[in-house]
Amino acid sequence: MTAAVCHDLDHPGYNNTYQINARTELAIRYNDISPLENHHCAVAFQILAQPENNIFSNISPELFKQMRQSIIRLILATDMARHGDILESFKQIVANFDFSNEEHVKTLQMLLIKCCDISNEVRPTEVAEPWVDCLLEEYFMQSDREKSEGLPVTPFMDRDKVTKPKAQIGFIKFVLIPMFETVMEVHELML
């Protein structure tokens with residue numbers, strides 16, 4: 001739950017591709033490795049370190065260490081650059097999924113946080129549509145900035161080439177449906 005709440009803390013509105021191409025402070029600090037997600041983790045633990053926010057103050061150091069590792073793993077899993085790898089890892093184990101296998105559970109957790117992170121399109125239209133519009137505007141702002149700074153333009157963010165229907169169809173068809181179909185396989189195994 002903590003990872004889900006914290007997974008986008010202090011997001012600057014420009015994705016990892018931009019961070020890396022623009023050589024931003026975050027990209028430099030995190031050596032081009034999931035700069036945003038590493039930043040979200042760092043901000044989360046800075047907030048949680050404050051006495052008035054320390055929800056982990058009454059647990060043992062060993063349990064805190066385990067929880068911290070789990071939160072970091074889950075927030076890092078929200079990096080879309082890792083989407084295909086995480087989905088493929090899960091597909092490799094889904095037929096023999098075992099809740100007593102710690103690695104199976106960790107992979108499922110990573111896939112589930114991804115489902116939460118990018119599942120706007122499964123919400124009711126009156127909730128999803130305003131968020132889609134905000135997201136597209138964020139994308140267009142990034143591509144405008146990439147153009148003005150002479151950086152490579154992220155193709156799915158270019159306001160001159162992207163339309164809302166095409167963006168939604170592609171995202172749903174190539175990202176959401178395969179992910180949710182795979183998660184459903186675990187559900188079916190449990191029945």
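The questions below cover salt bridges and then pockets.

Modeller: This is a predicted model, so local features need pLDDT of at least 70 and side-chain atom pairs count only at pLDDT 80 or more, while totals for chains, interfaces and linings use all residues. Residues are numbered from 1 along each chain as its sequence is written, and side-chain values use heavy atoms, with hydrogens and water left out.

Biologist: How many salt bridges are there?

Modeller: A salt bridge here is a side-chain nitrogen of Lys or Arg within 4 Å of a carboxyl oxygen of Asp or Glu. By this rule the count is 11.

Biologist: Is Glu25 buried or exposed?

Modeller: Buried means under 20% relative accessible area, exposed over 50%, and partly exposed in between (1.4 Å probe, protein chains only). Arg29, at 43%, is partly exposed. Glu25 has 56% and is therefore exposed.

Biologist: Which residues join Lys106 in one network?

Modeller: Glu103 forms a salt bridge with Lys106, with the closest N and O atoms 3.8 Å apart. Glu102 also forms a salt bridge with Lys106, at 3.4 Å, N to O. Bridges that share partners make one network of Lys106 with Glu102 and Glu103.

Biologist: What is the volume of the largest pocket?

Modeller: On a 1 Å grid over the protein atoms alone, a pocket is an open set of points where a 1.4 Å probe fits, with protein on both sides within 12 Å along at least five of seven lines; lining residues have an atom within 4 Å of a point. A volume is the space filled by probe spheres set on the points, which are joined across faces, edges and corners. For the largest pocket this comes to about 1,300 Å³.

Biologist: Which helix supplies the largest share of that lining?

Modeller: The largest pocket is lined by 41 residues, and those closest to its centre are Met80, Asp117, Ile118, Leu135 and Tyr139. The largest share, 8 residues, comes from α8.

Biologist: How many charged residues line the second largest pocket?

Modeller: This pocket holds about 210 Å³ of space, and its lining has 13 residues. Of these, 10 are nonpolar and 3 polar, and the number charged is none.

Conventions:
Helices (H or I, at least four residues) and strands (E, at least two) are DSSP runs, numbered from the N terminus. Ala, Val, Leu, Ile, Met, Phe, Trp, Tyr, Cys and Pro count as nonpolar, Asp, Glu, Lys and Arg as charged, and the others, Gly among them, as polar.
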